Amino acid sequence: MAEAAIELVGINKSFGAVHANRDIHLSIPKGTIHGIIGENGAGKSTLMSILYGFYEADSGDINVNGRKVAIRTPNDAISFGIGMVHQHFMLVENFTVLENIILGAEGEALLNRSIAKARSELHRLERDYGLEVDPDAIIEELPVGLQQRVEILKALYRGADILILDEPTGVLTPAEADHLFRILRQLKDEGKTVVLITHKLREIMAVTDNVSVMRQGQMVATRKTSETTVEELAELMVGRRVLLRVEKGEAKPGEVKLSVRDLMVKDSRGVTMVEGVSFDVRAGEIVGIAGVAGNGQSELLETVSGIRKAVSGTVMLDGKPIDVSGVTDPGDLRDRGLAHVPEDRHHVGLVLPFEESENAILGYHDEPQFLRGPFLDRGKVVAAASDQIAKYDIRPPNPHLKTANFSGGNQQKIVLAREMEQDPGVLIVGQPTRGVDVGAIEFIHKRLIAMRDMGKAVLLVSVELDEIRSLSDRILVMFDGRIVGERGPDATEGELGLLMAGVDRKEAAE
Amino acid sequence: MDFFNALILVLDSTIRLSVPLLLACLAGLYSERSGIFDIGLEGKMLAGAFAAGAVAYISGSAWGGLAAAILVAVFLALVHGFASITHRGNQIVSGVAINFIAAGSTIILGQAWFAQGGRTPSVDASGRFGPITLPFADSVRDVPVLGPIYSELISGHSLLAYLAFAAVPFTWWVLFRTRFGLRLRAVGENPAAVDTAGISVTWLRYRAVICTGILTGVAGTYLALAMNAGFVKDMSAGRGYIALAALIFAKWKPVPAMLACLLFGFLDAMAIRIGGTPLPFIGRVPVQVIQALPFVLTVILLAGFIGKAIPPRAGGQPYVKER
């Protein structure tokens, strides 16, 4: 084995009672791409933050290139050749690319010379790694893929030999992600060491040489990627066998429950976000809407669920129109049997400072079953919440706990439980597994399939292509506010990816 | 020629009146660009004015007064910094508190030390930053047009006034041409980016509020030792707030900040000039109406005539390391 670029020996880190990293040993050989995989909260980010000098470990040693080092600040990490591409980009949005790249590495008190130096250095990096980007572009005007490239350039400009990427593909299209992987391979060929943190198994298989799995603060296994399987990794991550592909029978579509015709929606700036969208959702089927984030899916969901006004078009629920020209009271829609699991559970789906039991009935709080006269019957509310907690395996099982203290997956289960337990005819679900662990994803997927099999009409919007493909009976692809294609569940990822990127198959063939 | 002379006079007082606004506005610019909102410009200016008046009277030295004003204003700026940077307190509350402390303590200390109803005794000329006559001002006075412009309008201001206007290009240069400026702008937009680049957010923001302290100290000195001959209670008279409005007009940029301050100074000068004299067609306008004009203008301009003023994105939010 080659010399280790990074060696972690017995790293421990606690936050209060939480033991985030427990006796971590890890060796990352030079010139390899090393994946670190684990569920949310497994301690991956904490470990990398220790490596980048955000936190200091309570105990343990870090060796970089065989030399024991003390990393107390990001500055130390940078000086040892460690660079980090953060999950949320650390860029100043209204600065130019150049300004962002030199920030903190200016070299001297006046900017003129450092900018000139950065410009020529940037040209060199562009030549060596194919990392093209306009140095004078303003960050906020660049697509996310390019913003990420700026983050990589920032690290390389600081002379990073070891590049850590934290969940780098969360914001990328499949094509952009593939491009990123090509860049990573090229960096490897140039002798750089790449550490890739992710919870997506597909990426690990696609690009890494070795993979280490973390679970509950511990490093549970390290494998050669070529000698492992997705199933084994998933099991190591969760600690039990996981079904990655949901098992489901044939759909038995019934009558049309939700019908959308020629819908047009503008956002607050007057930009058309949804145009000429028509589709039906039948009882007993899941219709998936695929697309890169920001192509009108969110606006479509909000309009159908009564949160946003439409400019024109009709939406029919059970054959009766919904008034989409004004903002419909979502409460009325609930009464008519339309439940909505919003994309953004923190801002729309939940009131985080509330108790779990309060969120468990939010929106249904004026139903007679929860009332005693004009007042809420706390006993019944808590009973209903406890019931949901048991059915949906929400952990910790405490209806009085503040909602903000649940993990992302459990928060999502709270929303799903609330909406599903009201036995709606139509269920609209946005990003059901965003920021949710593998184990919980499996559970949520099973519940959605169960809803379908109970004869509910399910409209699913997700940016996770795998999720759309494994759950949907029909897949609609949105691009630039329009539905650009409909495919069956057997559509290949490549085919859908092209549609999502707005490329027609005919065009692509040329 | 009468009109020309009147215009020169009004513009001359425009410059005089806009100097404290300009100094306070640039002071606010440093702090707010770094992400620390500072509604306490008013209080720092007032405390600075008191320190300048008191020390200049006792020591007889204008420079001593200036040094004292800067010390006091920087101290208050550091208090604001301690509350809002180190302890992540609410920046508006901290700023308002500083205004109250300054307004109250200057009167109490003034009364206790000088027993003149909260004012400091009159400072004589040697203790003030009096008007400076620029070279040749007298010899070119009779040249038509340019002569009066040079000798009346440009010459004859306090040293601090020249300093204030020189601070405009200097501030621009610092912001856009130096490492400190780049980091200052960055920390007001995205402190996390600055932190991960290996720069201390705390130290950077402290340096910014120190700049604010220095400039408000100079502004206070100008009020006490250049515009007046000593400290009078409440002599900042809302200028700190007007400076904040000007900063918003100027979208946190130095040169537009100067223009905005000149505009407010001009309105102030007009108020003094036409106050009490009847206007054609309108008749006698109550002086209060004229005095209210800058504030009315602020509301009108802010209500939509200047386009969208986007403050530094991280403004007002204490930086907390995440994860």
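Biologist: How do you know what the confidence of chain A is on average?

Modeller: pLDDT runs from 0 to 100. Chain A averages 88, and 98% of the residues score at least 70.

Biologist: What makes residues 505-510 of chain A stand out?

Modeller: Their pLDDT is below 50. Beyond near neighbours in sequence, the stretch has three contacts in the model. Where pLDDT is low, the predicted coordinates should not be read in detail.

Biologist: Why is helix α9 (residues 297-304) of chain A called largely enclosed?

Modeller: A residue is buried if 20 or more other C-beta atoms lie within 10 Å of its own. Eight of the eight residues of α9(A) are buried, so the helix is largely enclosed by the rest of the structure.

Biologist: Which residues of α9(A) are the buried ones?

Modeller: They are Gln297(A), Ser298(A), Glu299(A), Leu300(A), Leu301(A), Glu302(A), Thr303(A) and Val304(A). Gly306(A) follows α9(A), with a positive phi near 85°.

Biologist: How is chain A divided into domains?

Modeller: Domain 1 covers 4-238, and domain 2 covers 256-350 + 423-509. Their C-alpha centres lie 34 Å apart. The contact between them takes nine residues from domain 1 of chain A and 10 residues from domain 2 of chain A.

Biologist: What supplies the side of domain 1 of chain A that touches domain 2 of chain A?

Modeller: α6 (174-189) and α8 (230-238) of chain A each supply at least two residues. α8(A) has the largest share, three residues. By type, this side divides into five nonpolar, three polar and one charged.

Biologist: On to chain B. What makes 20 Å agree with a compact globule?

Modeller: Set the value against the rule. With 323 residues, a compact globule would have a radius of gyration near 20 Å; chain B has 20 Å, so the two agree. Along its principal axes, the C-alpha trace of chain B spans about 70 × 50 × 40 Å.

Biologist: How many helices and strands does chain B have, and what percentage of its residues count as buried?

Modeller: Chain B has 12 helices and four strands. Of its 323 residues, 46% count as buried. Among contacts in chain B with a separation of 6 or more, 77% join residues 24 or more positions apart.

Biologist: Which residues touch the most other members of the largest nonpolar core?

Modeller: The core has 227 residues, and those with the most such contacts are Leu51(A), Ile164(A), Leu23(B), Cys25(B) and Ala246(B). Helix α9 (residues 201-227) of chain B gives the largest share, 14 residues. Domain 1 and domain 2 of chain A each give at least three residues to this core.

Biologist: What is Leu23(B) in contact with?

Modeller: The cut-off for a contact is C-beta atoms within 7 Å. Leaving aside neighbours within four places in sequence, Leu23(B) is in contact with Ala164(B), Leu215(B), Val218(B), Ala219(B) and Tyr222(B).

Notes: Residues numbered from 1 in each chain as written. Chains lettered and ligands numbered in written order. Predicted model: local features only at pLDDT ≥ 70, side-chain atom pairs only at ≥ 80, totals over all residues. Core = buried A, V, L, I, M, F, W, Y, C linked by C-beta atoms within 7 Å. Buried ≥ 20, exposed ≤ 12 C-beta atoms within 10 Å, placed from the backbone. Domains from an automatic or database assignment. Contact = placed C-beta atoms within 7 Å. Nonpolar A, V, L, I, M, F, W, Y, C, P; charged D, E, K, R; others polar. pLDDT = per-residue confidence, 0-100. Rg over C-alpha atoms; globule rule 2.2 N^0.38 Å.
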